[in-house]
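Hi,

Here is the model I promised to pass on.

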Amino acid sequence: MSILAALTRGLRADPPPTARTEPVVTAAAPVAASGTAQPEAWMYDIGFNGSGSRVTALPRVTPVMAQRHATVTACCTIIAGDLAKLPLQVWQRDGDGREVRVREHAAGHLLNVEASEGVTAMVTRFAMTYAFALRGTAFAYAPRDGAGELTMIDWVHPDFCSVLRNGRARFYDFEDGAGIRRRSPGRTMVHLRYMSEDGWTGRSPISVAAESFGIALAGQEAAARSASGTSMKAYAKIQAFDADEENYQRQRERLRRALRDEGDNGIPVIGPDDDIKRLDLSAADQQLLESRKFDREQIAATYRMPPSKLQMLEHGVKANGQQQAIDYRSDCLSHWGGFIETQLALGLLTEAERRQGLFLRHNFDALLRATTKERYEALNKAVGGPWMSLNEARREEGLSDVAGGDAIYPPSNMTRDESPAEDKETEE
């Protein structure tokens with residue numbers, strides 16, 4: 001820039017401002033308004049006020065409300081209690097497919113002894129499994145120290161944990177057991193989800209089958225009203241309804257005495273203008289209450305729970321109790337336990353450990369523990385056979401090893417002479 005141009009810059013007029021152009025504004029399509037008092041059906045579809053049927057007379061169903069039904073509570077408690085009392089062990093599968101128990105891993109201690117300071121592993125695992133069965137989702141905080149070792153497993157209540165998304169990464173906002181508000185990445189969290197459609201969002205079986213659970217809750221509420229005696233049993237039309245208060249109360253008391261009189265054999269004497277309509281349970285209402293038995297079967301089927309575990313003994317007798325226990329393990333516990341094992345391993349084991357073949361497994365043999373006589377007979381046969389040593393059998397019963405117990409004894413009809421050949425020739 002020249003000196004003259006610099007001196008005359010302030011004397012030049014500013015250019016005229018350009019005209020401001022506003023974006024074109026168009027009217028949006030009208031959107032149906034929906035209040036919270038009488039919400040539209042689409043609000044129920046997105047989960048407002050719980051899941052349920054479009055039939056507004058049915059009660060709204062949420063996992064918390066569904067706990068009022070004893071069958072729901074029983075199913076969740078049985079699943080959570082049985083899985084929590086089973087040992088959850090760390091195993092490793094090598095390249096040949098052989099599986100070896102890993103006893104020194106930190107996850108083994110946290111899952112079976114003490115999950116966090118002052119909280120036993122059984123309490124933590126019960127809480128996680130109960131929330132998983134009831135809500136379809138469960139969370140736990142599993143941090144690591146500077147050496148990458150697990151330090152604790154702290155259960156987080158699902159109501160106080162928010163999942164944040166950044167692409168495929170997930171972050172979790174929650175308050176831990178020490179009352180500290182945290183935002184943790186997915187590598188330090190255990191996130192259990194059930195019936196997920198996108199791989200990340202868990203769904204409760206209660207919210208999916210909300211209409212069936214709503215019918216069950218409605219039947220229970222009807223039975224509760226009938227048992228409490230608060231339901232309206234009848235209504236009466238009396239002659240002096242529009243009369244003065246004194247005459248009305250007199251006629252009302254006369255009619256009540258007539259209804260309560262037990263000496264009239266159920267035939268009250270009333271006035272010519274009086275009318276009584278009874279509102280007792282009809283045959284259809286009584287059949288509805290009877291259908292609560294069917295509701296129990298539906299809820300049990302939703303949780304894959306054998307009816308015998310819910311004391312519905314008409315479905316089985318004691319003679320086939322052992323087979324029912326096997327079915328319970330294979331149909332119910334293996335189903336829920338499989339989800340828990342794989343998703344716990346994803347949060348508690350590093351990627352390198354999983355690539356090395358480490359995995360988690362419930363020891364279901366603890367549920368099918370035989371009687372003392374049956375165990376001793378089986379171990380006796382095992383020791384006498386060519387595949388199990390005496391010390392291995394003693395370890396199964398928690399006993400210490402004995403000297404010479406590592407040798408496998410073949411059966412008596414399979415004995416062989418193991419003396420040196422040169423000794424035989426000397427004797428000959």
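Below is what I found in it, going from the whole chain to single residues.

First, the ground rules. This is a predicted model, so local features need pLDDT of at least 70 and side-chain atom pairs count only at pLDDT 80 or more, while totals for chains, interfaces and linings use all residues. Residues are numbered from 1 along each chain as its sequence is written, and side-chain values use heavy atoms, with hydrogens and water left out.

**Whole chain**

The secondary structure comes to 16 helices and 13 strands. Those are DSSP runs numbered from the N terminus, with helices being H or I of at least four residues and strands being E of at least two. Of the 428 residues in the chain, 32% are buried. Buried here means under 20% relative accessible area, exposed means over 50%, and partly exposed is in between, with a 1.4 Å probe and protein chains only. Among contacts (heavy atoms within 4.5 Å) between residues at least 6 apart in sequence, 56% join residues at least 24 apart.

**H4 against H6**

How do helices H4 and H6 cross? The axes of H4 (residues 70-85) and H6 (residues 121-135) come within 8 Å, at a crossing angle of roughly 140°. That makes H4 oblique to H6. For the conventions, axes are lines fitted to C-alpha atoms, for helices over the stretch in contact, and angles run from 0 to 180 degrees between N-to-C directions. Angles under 35 degrees count as roughly parallel, over 145 as roughly antiparallel, 65 to 115 as roughly perpendicular, and the rest as oblique. The H4 and H6 crossing is right-handed, where right-handed means the near helix is turned clockwise from the far one by less than a right angle, and left-handed means anticlockwise.

On the H4 side, the residues making the contact include Val 72, Cys 76, Ile 79, Ala 80 and Leu 83. H6 contributes, among others, Met 122, Phe 126, Tyr 130 and Leu 134. The residues of this contact divide into eleven nonpolar, four polar and two charged.

**Nonpolar cores**

A nonpolar core is a set of buried Ala, Val, Leu, Ile, Met, Phe, Trp, Tyr and Cys residues joined through side-chain atoms within 4.5 Å. The largest one has 54 residues, and Val 72, Tyr 303, Met 305, Trp 336, Leu 344 and Leu 348 touch the most other members. Helix H12 (residues 321-348) supplies the largest share of this core, eight residues. Apart from it lies another core of seven residues, including Tyr 141, Val 156, Tyr 172 and Phe 174.

Setting aside residues up to four places away in sequence, Met 305 touches Cys 75, Ile 78, Ile 79, Ala 300, Leu 310, Tyr 328 and Cys 332.

Pro 63 is in helix H3 (residues 63-66) and is buried, at 18% relative accessible area. Its C-alpha is 9.4 Å from that of Ala 131, 68 residues apart in sequence. Not counting residues up to four places away, Pro 63 touches Leu 134, Arg 135, Ser 204 and Ile 206.

Pro 158 is in the loop between strands S6 (154-156) and S7 (161-166), and is buried at 12%. With the same exclusion of residues up to four places away, Pro 158 touches Ala 131, Arg 135, Thr 137 and Phe 139.

Met 152 lies in the loop between strand S5 (137-141) and S6 and is partly exposed at 23%. Beyond four places in sequence, Met 152 is in contact with Leu 110, Ala 115, Ser 116, Tyr 141, Ala 142 and Pro 143.

**Backbone and a buried aspartate**

Which residues have a positive phi without being glycine? Met 195 is one, at about 55°, and Arg 304 is another, at about 60°. Met 195 sits in the loop between strand S10 (189-193) and helix H7 (205-208), and Arg 304 in the loop between helix H11 (292-302) and H12. Met 195 is partly exposed at 28%, and Arg 304 is partly exposed at 38%.

Lastly, Asp 295 is in helix H11 and is buried, with 4% relative accessibility. Leaving out residues up to four places away, Asp 295 touches Ile 215 and Ala 216.

Cheers

Terms used: Ala, Val, Leu, Ile, Met, Phe, Trp, Tyr, Cys and Pro count as nonpolar, Asp, Glu, Lys and Arg as charged, and the others, Gly among them, as polar.
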